[in-house]
Amino acid sequence: MADTVQQESQEENAGHRNRLLAGKAFVAAFLLALIWPFTPSIEQPIQYNHQKHIAAGLECSNCHTLYENSAWAGLPTADACAACHAEPVTDSSEEAKLVQMLSEGKPLEWKQVNRVPNHVYFSHKTHAVAGEIECATCHGKMDERTAPPPAPFFEWSMDNCINCHEDRNASVDCNACHR
Ligand code: HEC
Ligand code: HEC
Ligand code: HEC
Ligand code: HEC
Ligand code: HEC
């Protein structure tokens, strides 16, 4: 009799522990979900600062050299930075890292943040030149960014493309975007 009582209470304890563990796992998942959007999902080789370079007089096309004539905007190679950073011009540790990489001839491997799948066709020339759409409409205020964007400004879902196409009377033909 005493044995079964003890056994029952042990089972009860185990059940309680499981519920406690499940509760803890739930709280952990909840906290993770809360901080998730703020943890940088993409690490860049240099904490590049758009705001300082735009303030120094550079234009988007100085580094994103392709958009006027192609589907791609293009990310700058080390050469584009070497023009001004062969020697340090500030006491920033990020710049020191850059100067070191340049002197070793290491490539700058920027990770592309905005991306559509391979079955989707998107062209910067069509949107930024022919359509005269500002970069900021799709990328937010890059000229005010002091660090690389950890995620796209827009989620590039099919609906987000089509919503604007409907607003601006652009094509919603499947074959325009899927080719
Ligand atoms: C001196 C060079 C330079 C200039 C000028 C510059 N950029 Fe950039 N841009 C970069 C570098 C380097 C990166 C990659 C690191 C980062 O994300 O900050 C980048 C990344 C970006 C990205 C994210 C690309 C991706 O991976 O999806 C966008 C969007 C962008 N720039 C827009 C702009 C716009 C708009 C302007 C003008 C207001 C501009 N940039 C001016 C160097 C430059
Ligand atoms: C036309 C000249 C020019 C080019 C090209 C250029 N920079 Fe700069 N960069 C500057 C100037 C000027 C400053 C100092 C800005 C300031 O302190 O306000 C600077 C500052 C910096 C700093 C230190 C800023 C900070 O965060 O405190 C880094 C890092 C940097 N640049 C990275 C880059 C990278 C990476 C590229 C190539 C994608 C690049 N720069 C291209 C002129 C240039
Ligand atoms: C209509 C929306 C839209 C506009 C306007 C736009 N972009 Fe983009 N951008 C995108 C999309 C979508 C991608 C992802 C493209 C892909 O994966 O092929 C992208 C990718 C990029 C990239 C990284 C890939 C690449 O093409 O090199 C850079 C850099 C960039 N954009 C810069 C710019 C700049 C600079 C401007 C203004 C001159 C601009 N974008 C205007 C939607 C836009
Ligand atoms: C902010 C508005 C806007 C967004 C967002 C946008 N587009 Fe567009 N798109 C336009 C406009 C305006 C045109 C017509 C440009 C012109 O030729 O004058 C266009 C044209 C096009 C064309 C050429 C259509 C044809 O007639 O052949 C393609 C393809 C395209 N967009 C794909 C996309 C894709 C893919 C996305 C999402 C990743 C997207 N667009 C997001 C506004 C937008
Ligand atoms: C304005 C551009 C645009 C048009 C028009 C368009 N799509 Fe898409 N489509 C996209 C983009 C961007 C994606 C990728 C979405 C993502 O990665 O979440 C996509 C994804 C898809 C997928 C992959 C499934 C998925 O969820 O990833 C299918 C299937 C598809 N589209 C079918 C169609 C059909 C059918 C039509 C015509 C009725 C159409 N699309 C018209 C831009 C477009």
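Predicted model: local features only at pLDDT ≥ 70, side-chain atom pairs only at ≥ 80, totals over all residues.
Local features are reported at pLDDT of at least 70 and side-chain atom pairs only at pLDDT 80 or more, while totals for chains, interfaces and linings use all residues. Residues are numbered from 1 along each chain as its sequence is written, and chains are lettered from A and ligands numbered from 1 in the order in which they are written.

Helices are DSSP runs of H or I with at least four residues, numbered from the N terminus. The axes of α4 (residues 78-85) and α5 (residues 93-103) come within 10 Å and cross at roughly 115 degrees; axes are lines fitted to C-alpha atoms over the stretch in contact, with angles from 0 to 180 degrees between N-to-C directions. That makes α4 roughly perpendicular to α5, a term covering angles of 65 to 115 degrees. The contact joins Ala78, Cys81, Ala82 and His85 of α4 to Glu95, Leu98, Val99 and Leu102 of α5, two residues being in contact if their C-beta atoms, placed from the backbone, lie within 7 Å. Six of these residues are nonpolar, one is polar and one is charged. Here Ala, Val, Leu, Ile, Met, Phe, Trp, Tyr, Cys and Pro count as nonpolar, Asp, Glu, Lys and Arg as charged, and the others, Gly among them, as polar.

Ligand 2 is surrounded by 20 residues, the closest being Cys81, Cys84, Ser92, Glu94 and Glu95; a residue is near a molecule if its C-beta atom, placed from the backbone, lies within 6 Å of it. Two or more residues each come from α2 (50-55), α4 and α5, and α4 provides the largest share, five residues. The shell divides into 12 nonpolar, five polar and three charged residues.

Around ligand 4 there are 20 residues, of which Gly131, Cys161, Cys164, Ala170 and Ser171 come nearest. Helices α6 (124-130), α7 (135-139), α8 (158-167) and α9 (174-177) each give two or more residues to this shell, which comprises 13 nonpolar, six polar and one charged.

Ligand 5 has 14 residues around it, with Val120, Met158, Cys161, Cys174 and Cys177 nearest. The most, four residues, come from α8, and the shell holds 11 nonpolar, three polar and no charged residues. Of the 10 residues of α8, the number buried is zero, so this helix lies largely in the open; a residue is buried if 20 or more other C-beta atoms lie within 10 Å of its own. Just after α8, Asn169 takes a positive phi of about 55 degrees.

How values were computed. Parallel < 35°, antiparallel > 145°, perpendicular 65-115°, else oblique. Buried ≥ 20, exposed ≤ 12 C-beta atoms within 10 Å, placed from the backbone.
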